[in-house]
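Here is a short note to read beside the model. Please keep the structure open as you go through the points.

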Amino acid sequence: MSEALVATEVPEASVPGASGARQFWRRLRAQRAAMVAAVVVALLVLVALAAPLLTALEGQDPTTYHPSLIDSARGGVPIGSFGGVGGEHWLGVEPQTGRDLFARLVYGARVSLGVALAATAVQVFLGVVVGVAAALGNRWVDQLLSRITDIIVAMPLMIMALALLAVVPSSFPRPVLVALIIGFVAWGTIGKIARAQTLTLKELDYVAAARLSGWGTLRIARRELLPGLAAPVITYAALMVPANISIEASLSFLGVGVKPPTPSWGQMLTSADVWYQAAPQYLLLPAAALFVTVLALTVLGDGVRTALDPRAASRLRIGTGRRQESKAGKPEAAKTEAGRSEAAEEGIA
Amino acid sequence: MSLVHVTDLTVEFGDLRAVDGLSFRLEEGAALALVGESGSGKSTVASALLGLHRGTGARVGGSVEVAGVDVPRASDDELRRLRGAKAAMVFQDPLSSLDPYYAIGDQIAEVYRVHTRASRRTARARAVEVLDRVGIPDAVRRSRSRPHEFSGGMRQRALIAMALACEPRLLIADEPTTALDVTVQAQILDLLHTLRAETGMGLLLVTHDVGVAAGSVDDVLVMRHGRAVEQGPVAAVLGAPGEAYTRELLAAVPRVDAPRAPSGPAGEVVLEARGLRREFGRGRKAFAAVDDVSLTVRRGETLGVVGESGSGKTTLGRMLVGLLEPTAGEVRHDGHARVGVNPAVQMVFQDPVSSLNPRRNVGESIADPIRARGERDEQRIRGRVKELLERVGLEGARYDRYPHEFSGGQRQRVGIARALAADPRVIVCDEPVSALDVTTQAQVVALLGELQRELGLALVFVAHDLAVVRQVSDRVAVMRRGRIVEQGPADEVYDSPRDPYTRQLLAAVPALDPRIAARRRAERGEVAVT
Amino acid sequence: MSGFTAFALRRAVSAVLTLLALSVIIYVVFYATPGNVAQITCGPRCSPEQVHQVAQQLRLDDPLYLRYWHFLQGIVAGHDYSTGTSVEHCPAPCLGLSYQSDQQVTRIILNKLPVSLSLVVGAMVLWLLLGVGTGVLSAWRRGRFTERALTGITLAGVATPVFVIGLVLMIVVCGQLELLPFPEYVSFSDDPEQWMWGLLLPWVTLALGEAAYFARLTRASMLETLAEDHIRTFRAYGVGERSIVGRHALRGALAPIIALNANDFGSAMGGAVLVESLFGLPGIGQELVHAVTVVDLPVVVGMVLVIGFFVVLANAVADVLYAVADRRVVLA
């Protein structure tokens, strides 16, 4: 074998942007805030899953009225100190109804997380299907689907959700309905991201190489495109979960989302301002629960983005991000890129 | 006192020592080139001269003195007064090096005002003056344009104009022509040459291209792994290199004037293009990237397709393999018209990063054509892939490795193995070595040659680099604006070009011998006049 | 600039088309639902005769596309409604009649619109100033304590739903500290000072959450710009940090800010609904919640269309501004 056949260069140590689940975990673990947030989220999920167990432990349930525990003469203020806190009712009872606050809070976690996750799943599914179809379809398919996506993006989510909730018969299970409506009204951005990413991936040389191998479109989409789509979609989906929690809470706060007797944090806050002096925890607990949940999910989402998006790393190396890359990179690579953009310019002119 | 005096410079990024004990001097008005392959630390040295590593976490050791300023120990204000005023820098990519949102003239005026406290009006006038000086036509009007409204060469001129604004004593040019076409490169190098003669400023040229250095400087410093390998007058170092690495580097540089070793006789026609045309865009924006191109490729021969950016050579390559459908004309394999992709015609891609799926191991990528043929026996697939890996000079055991664990040249070898896995008769290579260092380039080119002889492959070698194309091709087609302007046996095209464009291209190629470089510069002056 | 004018025109046409498509979707979704539309529209207390009259006015016997066409005609040219004894004229843009409140939808909306516009426009000024200012400050003091503190505060702002901010502010500022009276809408033409004091808390409430988004975006895009090559150029030419951050980095962040502002206009409308409900401001948001609660279909459809109109308008304006701000955008 001649000398020319032996590769003598040394590979670069670790190339930024190289993916893989292991690298993702390593990058995520390196962020302390994200790890704390992940623990908080895990705890919340656990509480939501174990809601029946926890309430059984307390010996209460979220829907039973306790008229004996409220002072109807004073408009329904809970009897006892701090809104009726005690061994029976760990966090006191709800004003007016006397329902157990702890039970409603932990069941509220179920509703909040469940609705948000289900809505995100619908958004991701619709967005990816429409986005990928637009990117891979012919010009007319793309035009049609892109216009639809534009309209979906332009529709104000809260307003549309509000309006849609008006027309659906009240017999429909409310949490499912809220999740579906959020999902169907707000998949536009994910659709745009999926389309743009697929268009980018489609032009990559390795996809061309797969075509030259003789594989069909479906297999190429599954093997070469979808994995590349995962990073941006997961990144965005991670940030949609807290947004969806906020929206569900807002709709329920307005009295059109999740309706009693099913508990929801937003719904608990609907009349909380009236009671804040007599039963401050009735306002503070659901508000704090919402705040902590959305905050933890947002921080975790930021962490996921940093771990998945190679550019985030360069954002941290302020001012010289490209410098170090270009030092390691090949000068010729830049040449041909610039050449391409020039060709494109000439094309437009 | 020297203009630049660097003693025992080290620059470290974390664990990586990019520059390791480098020393050199540059006298007032002299020109020095730092030459090296990627990772040699040459650009890092350029940044260190202006103290650009300050505040980035890089550790800088040794002493750096530029125009009387002790760079590592200077205050921030002293450093700011040095930058741009006494020593100015020209960067590699002129598009990303200018603010896309402001007019070129305003950007130059801003820099001028930082150092002179001139009025807005004076600064603007100065900007027009320097733009005119670097040969931008209609400078008053063009100074109001934004960078994206300029062509690549014009942008680089604008960047040089910015450098000239404050009449610096030192110009640092970091790969100033790497992003440019060869004819534009020649113009920019000529401009630098003229400006240096007129203003008497010193020049520090950082480049990977020995040819660029040969024609532009007095002294050259060859770098490798952050250290100086060899240093001296350019004619001496390039003419009679004293160090083994310098010799290796020079030997790897393809020569535009050296004929190719004769290859075996060409066989029957395996690939033919007839009247190929490809349009992009619709309506008024439509243009033909490739226009009426006909060519043939025979078994065992290499057809070189050479052209500058925008010549349509890549579009042509993609049509030949069936990745793009022609608007008109046809591609014929073995005498039959074909539509779409065909395993017998494979491609080796330009960018070793994007041509392999980062999420799949290289073995799986190489196995794709074998699996697509219907082979199901895992043992046999694995065996064949390992055989192919070894055939291209990689260890068969690296089947399960991912692309990021390979260097650029190795990834290109993987790409070649994948093409071979389809048992092709033709391989179209689209700029297969343009992203590689020159020594790696030589290895990959040699590999392609060996494979061709062994397997009787027909190769289409698409590239912008005239010297590389000559090195590999039996026949050459020169493309310009979508058309083939000249086609024929390589030696004929290179030694007695008929088309004026081919002549212009050949005159623009940097020469390794400083005397030849000077002669070519003179010739270019004539070509430009006619 | 003919290319630019053409772009603006094309954008205007596409905005009109989007609005049309939106109106079709909304009309179909709301009027093609299963169930007795006339009964739903009229309300639960309607007599069979009233329901019959509503069915005639809505032309429920016609096919859906004709009904939509009729609806569209009303918006463009107005309608005359026969109420049996007299004829009521509903001038263009006529969005139909609310049978439950016995009023024209257009009139209901026009009555409520000033409140909502006062709220949203005032808040927008506030959130742009606050958000962009915070973002610039974070980018300018990057890597220092100020940036970390601001990042923490904006994160908290993003994580708190608007109505929770409003609840807390109302209880603390109006209830406990008694710094401000409880918000109340006074028409600007009646008393500008009272108008401002009454809206101050709603403005702050709506602006805080949005400002946090803008601060994050401004900071992120400025840091992204600061990592670009052309910033290195100006550093290498001795240009000071103030000009680099304030001139070059901010300019690079401008286009994304405009884009976000357009996209956010819709979510701000949603926020306005919450703020109006929370503070009891008689705007279209509060009216919408009421209409949804009592299922007053014509009002819901009209409201959604009007809000959709403003959102599409905001998007179109922002697109044109974006094209001006980012001159690299290919006008296509």
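1. Start in chain C. Ile231(C), Phe234(C) and Arg235(C) of α9(C) meet Ile244(C), His248(C) and Ala249(C) of α10(C). Being in contact requires C-beta atoms, placed from the backbone, within 7 Å. Helices are DSSP runs (H or I, at least four residues), numbered from the N terminus.

2. This contact of α9(C) with α10(C) divides into 4 nonpolar, 1 polar and 1 charged residues. Ala, Val, Leu, Ile, Met, Phe, Trp, Tyr, Cys and Pro count as nonpolar, Asp, Glu, Lys and Arg as charged, and the others, Gly among them, as polar.

3. A word on the source. This is a predicted model: local features need pLDDT of at least 70, side-chain atom pairs count only at pLDDT 80 or more, and totals for chains, interfaces and linings use all residues. Residues are numbered from 1 along each chain as its sequence is written, while chains are lettered from A and ligands numbered from 1 in the order in which they are written.

4. Now the geometry. The axes of α9 (residues 229-236) and α10 (residues 241-279) of chain C come within 11 Å and cross at roughly 150 degrees. That makes α9(C) roughly antiparallel to α10(C) (angles over 145 degrees). Axes are lines fitted to C-alpha atoms, for helices over the stretch in contact, with angles from 0 to 180 degrees between N-to-C directions.

5. Turn to the chain contact. Chain C gives 46 residues and chain A gives 43. Several helices of chain C each supply at least two residues to the side touching chain A, including α1 (2-31) and α12 (297-325). That side of chain C has 30 nonpolar, 10 polar and 6 charged residues.

Key
Parallel < 35°, antiparallel > 145°, perpendicular 65-115°, else oblique. Contact = placed C-beta atoms within 7 Å.
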